[in-house]
Amino acid sequence: MYRITTEMIDICRQQNILDIAMRLGIRVDRGKALCPFHDDHSPSLRFKYNRYKCFACGQSGDAIRLAQHVLSASFVDAVGWICNGSAAYLPPATFTYSSTAQQTYTHPDLSDYEYIFRQPVLTQTARTFLFEKRKISPQVVERQRISSNHTHIIIPYYNVDGTALLTIQWRYMGHDKHTPRFLFAKGCRPQMYNLPILAALQPTDPLYIAEGVTDCLAMMSRGHNAIAIPSATLLRPSDATTLLKRHKNIYMCPDNDMPGTNLYNQLKTMLPNITKIHLPQKYKDFGEMWAEVGS
Ligand SMILES: [Zn+2]
């Protein structure tokens, strides 16, 4: 179970209800819309003072109540859904993130953030980035419970049995050079992505190792069983080998750069079963190749 904070409820209340209505698929024209709660033929739903009221069926409330009713969601889930898709939303101050390897791990409890992945939001920016630019399969994105806001894709890292969040990764989609491209939940030990696939595989089933989550999603879109090492510099190779030693047919397509080559060489010493897939020189990674040739 997760909790919601008063800060999150405040964020919901500060939203323009018309934006929330639009995200919920309600078409508002000059403050009026067809009521989603009954068979409405002339717009009975009115928006005023950041609230809604239907003059036919009597339903009324604020943005949270509207999301609750349209999504058939609990109050907690509706708050999570609104916050998650809000560009204004940032995790509470107690939860900052880090993109560099840390010396100490505080192992924060991430159950408060599970709401993000219960009803994932895909903003238009995220759809364009994932589906059009990267050619990632919508089924893969849905299955992996990937969420987003207007600037970041938000990726959950689960444990092997899929019951607990080990870390959360933010992947920046914008072009600002000063914004880090990747962020991880602070205090969390770096993890491999898509660990639940390991539990589903037989030791002889082919397993692909990707460098980075977007490459992993590209491999999954290709139909491969894939896991990702988030970054060549973040994960301790020994952590990976402990989890992977059961698997006999491992393939890796390292990035065409020094960190990628080093990572492969390190893994190869510990996992002799690993086979290298050579990428054509003109592509820097699998994801780039998939974005060009994938379909
Ligand atoms: Zn109504």
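Domain bounds in what follows come from an automatic or database domain assignment. The structure is a predicted model, in which local features need pLDDT of at least 70 and side-chain atom pairs count only at pLDDT 80 or more, whereas totals for chains, interfaces and linings use all residues. Residues are numbered from 1 along each chain as its sequence is written.

The protein is divided into domain 1 (6–84), domain 2 (102–185) and domain 3 (196–293). Between domain 1 and domain 2, the C-alpha centres are 26 Å apart. Seven residues from domain 1 and seven residues from domain 2 take part in the contact, two residues being in contact if their C-beta atoms, placed from the backbone, lie within 7 Å. On the side of domain 1 that touches domain 2, helix H4 (residues 75–85) gives the most, with five residues; helices (H or I, at least four residues) and strands (E, at least two) are DSSP runs, numbered from the N terminus.

An open sheet is formed by four strands in the order S11-S10-S12-S13, with parallel pairing, where two strands pair if DSSP finds at least two bridges between them. Strand S11 (226–229) and strand S13 (274–276) each have a single partner strand and stand at the edges, so one side of each is left without a neighbour in the sheet. From one strand to the next, the twist averages 30 degrees, with axes taken as lines fitted to C-alpha atoms, for helices over the stretch in contact, and angles running from 0 to 180 degrees between N-to-C directions. The parallel pairing of strand S12 (residues 250–252) with S13 extends over three bridges, and methionine 252 has lysine 276 of S13 as its bridge partner. Helix H11 (residues 258–270) packs on the sheet, where it touches strand S10 (207–211), S11, S12 and S13, and its direction makes about 150 degrees with that of S13.

The largest nonpolar core holds 44 residues, of which Ile168, Ala210, Cys216, Met219, Ala226, Ile227 and Ala228 touch the most other members. Such a core is a set of buried Ala, Val, Leu, Ile, Met, Phe, Trp, Tyr and Cys residues joined through C-beta atoms within 7 Å; a residue is buried if 20 or more other C-beta atoms lie within 10 Å of its own, exposed if 12 or fewer, and partly exposed in between, with C-beta atoms placed from the backbone. Helix H9 (residues 213–221) supplies the largest share of this core, six residues, and at least three residues are drawn from each of domain 2 and domain 3. Alanine 226, leaving aside its neighbours within four places in sequence, is in contact with Asn194, Tyr208, Ala210, Cys216, Met219 and Met220. A second, separate core of 19 residues includes Ile17, Ala63, Ala67 and Cys83.

In helix H12 (residues 286–293), the buried residues include Phe286, Gly287 and Trp290. These cover an arc of only 95 degrees around the axis, which puts them on the same side of H12, the arc being that of the directions from the helix axis to the C-beta atoms. Glu292 and Val293 are exposed on the other side of H12, while S10 and H9 are among the elements that cover its buried residues.

Most residues other than glycine have a negative phi. Histidine 107, in the loop between strand S5 (97–98) and helix H5 (115–118), has a positive phi near 45 degrees and is exposed, with 11 other C-beta atoms within 10 Å. Arginine 145, in the loop between helix H7 (138–143) and strand S6 (147–148), has a positive phi near 55 degrees and is partly exposed, with 16 other C-beta atoms within 10 Å.
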